[in-house]
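Morning, everyone. Please look at the model on the screen, and I'll walk you through it.

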Amino acid sequence: MTGGEETRPELPAAPWERSGGGTADPGTPSPPAAASAPAVAPGAPQSRDAAAPGGEVDGEWHRVHLLTPFVRSWLLLVALVWGFANTFVDDVVSSFVKHEPIQVDVGGAVRVVGAGLGLAVLCGVLGVLIGLGLLSWWFTRYQITGEHVRFRSGWLFRTQRQARLDRVQGIDVERRFLPRVLGLSSLKFDVADGGSSVLELSYLGRDHARELRSQLLVAAHRAAERQETARATSPAAVPDAEAGSAGADPAPGTRSGRSREGVDVRVAQKYGILSERDELRRVFTVPTARVLLALVCSPPAVVLLLLALLMAGLSVWFPEALVVVLPTAVPPLLGVVSGLYSRLERSWGFTLSEVPEGVRTRSGLFNERSSTIPTGRVQALEVTAPLLWRFFGGHRVTVTTAGKGGAGGTETLGSVVLPVGTWEQVRGVLELVLPLELTPTDLVTEGLRGIGGGENFTTSPRRARWLDPLTWRRTGFAMDEAVLVLRRGRLARHASVVPHHKTQSAALSQGPLERRFGLSDLSVHVTPGSVTTAVAHLDVADARALLERHTQLARAARARVGARAPERPWSTAAPAPDTVR
Amino acid sequence: MPATTELSPPGLQWRHVSPKYLRVRLIGAVITTLVWAVVVSVPLVLHLLGTWEGSAPWWLWLPAGVVLVWGGVNLFLVPRRVRAIGYAEAPTELWLRKGLFFRTVTVVPYGRMQYVDIKTGPVLNAFGLASVTLHTASASTDAVLPGLPREEADRLREQLTERGEEHMVGL
């Protein structure tokens, strides 16, 4: 926490502040005047409140730094200046040098004679641009209330984005190159909604940003705490009068006290309010070089290369064919390029951090997105080693998370926990993401690299080579007490991990051709997602034994998990009081 | 001898769907075959009625013939298909099997069931039958028991719900 904050005056009028402090201390006498479920104690500001985030957490609309629009559109500015330089300066300079009357050639159509007029046009255009920038600045505002951060921009097409403070997972101070040179920073909010776009307040002065961040962290802390308190008191679902008396009652007091304590510990870890640097434990950021390398070695890039080679070949040998081929090549080209772009967006600056609920991912080049993956809800995980990434040891890890499948847009980002990473990073991710006590690293290693039946893996029988000439020695499964590991693929190698206690159901299937070969497919059903959880062409006896054994192990695993954590299924209506904790 | 013996573990008490369901399937197969036969023989009929010029070439009879032969084979296989459908109630899981050429054996733990549907259509209803569908959190769980007698369907639903609550585990 910066010193500036403590000197800030407290704003007792702000409504969020009262509800934040009241439940903090169970000993505070709560008058039964509470209007809402979270008991409110308006009197006696706590000592923590003395360090209240006053400042801009007041519901007023503030403006960002004046330079913002110019920094945002620096590329445009550079292009314009370059254009002007090309058209005017060249002419002006050369005419000065040659002592000729100045002739400025504007695009060859209009001839503007005289330096004065040329300069006037230049200044006029620049003035208009600056005016537009100022207009844009005037309409770019942010507001911070006790519950929300809102960011509004645009004067012709207005956009407003907001983030709930209690869902804010972290706030980063970002400094990119140009803003950094100008002493500007932006604040980036990671919100715990699946696949939501990152909210960014840009740009603020460097010190201002740092100070605002501390204020916001405290406000977010408060919001989360209030949310927690509300959750702790709401199951009672009592009318107003009872809520007041409940606030004075010692039992709910201790309960809210306990929850507050929980929040404090969690929040202290989560936000590290007293620390200056990043509060989230950043596990890794994928280096840009590797992102680009992976991109170059991706299927769309290869397709692009082939297309380019085809074009080059055609233009050399059959130039006349190009007239026909070029237009037809445009749609696939667009597809390839958009594929490349989406890959880039998904892996550029990919950052994985640890948060209390699980892990949080963030990536994006132009449109940064973040997504929180609660570890407990991970249903299955897949490690892939694509053929073209083999030479630099690239791996991709995707997960299926309950409640995140289906909706296409969020699924694509929310499911990748490592777009391209080394084997060491894969190991780290396995440790972090899998909801298991013992990470089956050995099984996954063998699942990714092994071939043929090993000590753990059972593969397709030799007769399956007629159906899978290339992959039959790879296709296989391994199982221990907690997980099922499936492996497949020879060129691109895949290994899927499905914890037993997460499987929904399982099925064996067999077609007429497979019956002739005595083979059978096994699929394990998990919630919808991108991870493949099926293995093909196993020996019938093996598959049947696997199904039977898997059923037993899954039963045991469910019993184990059910005994350890009395998780209530989300289908049951009212939560029991003891689950509030 | 059920067709899926080699896919399922021994020791399960398999139960069959109602024999009346065979008639439902037969009616369905006949209707489908006839509809397809009518659809594919439209050119033939137009020729025969003289709407189109000339007499019908011989190959115009082919589509209708193929559809009818296919329908006949289908009708012949329906009894075996219906007999292949079965379910077994194990202590903690429900086992389902189906298919004659493409066989499937599915295991659904009771604790994973989210809800159980009972559906009935006009034909099923006329025979006093209903179909029971089990839903888990996975979209790929394909657990349908078609053509159970109404009472059996209701009993199964009650049983499944009860056992589901008993064994329920969160996601």
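First, a term: helices (H or I, at least four residues) and strands (E, at least two) are DSSP runs, numbered from the N terminus. This is a predicted model, where local features need pLDDT of at least 70, side-chain atom pairs count only at pLDDT 80 or more, and totals for chains, interfaces and linings use all residues. Residues are numbered from 1 along each chain as its sequence is written, chains are lettered from A in the order in which they are written, and side-chain values use heavy atoms, without hydrogens or water.

Chain A, then. It has 18 helices and 24 strands. Now contacts, meaning heavy atoms within 4.5 Å. Take those in chain A between residues at least 6 apart in sequence: 60% join residues at least 24 apart.

On to chain B. Helix α1 covers residues 20-40, which is 21 residues. From first C-alpha to last it reaches 31 Å, close to the 30 Å expected at 1.5 Å a residue. Which residues of α1(B) are buried? B:Tyr21, B:Val24, B:Ala29, B:Thr33 and B:Ala37. Their cover includes α3 (61-84) and β6 (129-135) of chain B.

Last, the record. An unreviewed UniProt entry lists residues 24-46 and 58-78 of chain B as "transmembrane region". Such annotations may be inferred rather than shown by experiment. In the model, residues 24-46 of chain B are 96% helix, with end C-alpha atoms 33 Å apart. Residues 58-78 of chain B are 86% helix, and there the ends are 31 Å apart. Strand is 0% over residues 24-46 and 0% over residues 58-78.

Key
Expected span 1.5 Å × (residues − 1). Buried < 20%, exposed > 50% of the residue type's maximum accessible area, 1.4 Å probe, protein only.
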